[in-house]
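Good morning, and thank you for coming. I would like to take you through a few local features, beginning with a strand and its partners.

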Amino acid sequence: MFESDRAPWQRLRLQGWEAFVAPIAKGGEAVVQDPELFRVAEAVFDAFANKSSTGGLTKRDLFDACSAICDEQQFNQRFDVFKSLNLLIPAISKKHEDRYLFNPYGAAGILVFDRVVTEGGVDEMMTLLDRTRAAIHRGTATVDQVRGALARARGMLVVAADYLLTLVRTRSLDIMIAERHQHEHPSLLTDVRAVTGQVSLRFPELDRFAYLVVVEVQRYLAARADFVERLLEEGARAENFGVLHHEKYLTAARESTVVQLSEPLARVVVDPPDPMPNPAAIVAQVEQLRPKESETPRPPRPHNPPPDTDPFQSLIDRERKRSDLARALAEVLLAGTDEADLTDELAAAGWPGAARLLLSALHASGSEDDFDVEFRDEFRVESDAAVTYLTPVLLRRRQPWRGAPGE
């Protein structure tokens, strides 16, 4: 594949790989020149991940997993590279061993490569600051470690801002569209300030370094604003609606004015309106709006006759009857006196009879101001009795006993 045949996102991915391995590369051609060959490594990894074979996989197993991606010659070339770089290691330390294991460091590399070319270096910088913030919170971070992290973060922001400004001045719209997903960090300033705030609190001597990081974040955000502005201008001029994420179009539809929304359609040719609909069209529209009758009739509403008695009056009658019974029981307990000690009665009633007796006495004391219930401060305990512990209770009349009529 020639360089000119590649899509912008493919060129961007290849450049990202080259820049990533450049610090450890032995030569200028250390990276494959066809981004599609990266899928061979992903397919090999998927083969190990899906089969979960502790004994390893053979070369034939791996080729079967990659046959839909590359031919046998390409696979053999990539297989030799994977073996020489220890991405594939023999399952047993013997010569001519045909079963291999996948090096977990290589699996981590696949994840890193994919994240770097998708999210960009600013995301890696945020990962570095997140680790620093966690170390500060745990109390394991040293002054030198925090100073180094701040220096790296500031340098990354300087490089990213200069790179964005260069894209704005010199690069094509296609390249900028391919790059836009690597610079979408809506809470970048808030997240960085959260880290620098902890640094200033725990390491006051590093306050100047934290301030410089915030300054570079603001410079990077200004460069990103220029980047987005040129994207919008070039996209509108080229009538390319792929320059923005669909959520941004939704936000524009909700928050923009009618004039702003009409500007992109100023040069769109549309048919003139037809103000004279014919009768047949009107009838058809009315028929569509007419509610459709249900195919099956609804069942008749059940007949629920009104109750014969008033439920509220029944409730009042039940409560009055309950009060009469409670007063009658209180009269029995008092036995013609003005005061009675109910403690022995409660103990003899057992459980739950004692509870029912006490509730009846309390109910009598709350009706028509006839009786009072008094709980003493003592506490009576009998481990062998039916009621093991209780408080002495007195029942007394509120008015002196005058005897029943006729006595």
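Strand E3, residues 99-102, has a covered face made by Tyr100 and Phe102 and an uncovered one made by Arg99 and Leu101. In a regular strand the side chains alternate between the two faces of the sheet. Strands here are DSSP runs of E with at least two residues, and helices are runs of H or I with at least four, numbered from the N terminus.

Please note that this is a predicted model: local features need pLDDT of at least 70, side-chain atom pairs count only at pLDDT 80 or more, and totals for chains, interfaces and linings use all residues. Residues are numbered from 1 along each chain as its sequence is written, and side-chain values use heavy atoms, leaving out hydrogens and water.

Which strands pair with E3? Strand E1, residues 57-58, runs antiparallel to E3 and is joined to it by 2 bridges; pairing requires that DSSP finds at least two bridges between two strands. Leu57 has Tyr100 as its bridge partner in E3. Strand E2, residues 88-90, also pairs with E3 in the antiparallel sense, over 3 bridges, and Ile89 stands opposite Leu101.

I turn now to the cysteines. The structure holds 0 disulfides, a disulfide being a pair of cysteine sulfur atoms within 2.5 Å. Cys66 is in no disulfide, and the nearest cysteine sulfur, that of Cys70, is 5.3 Å away. Cys66 counts as buried because its relative accessibility is 0%; buried means under 20% relative accessible area, exposed over 50%, and partly exposed in between, with a 1.4 Å probe and protein chains only. Cys70 is likewise buried, at 7%.
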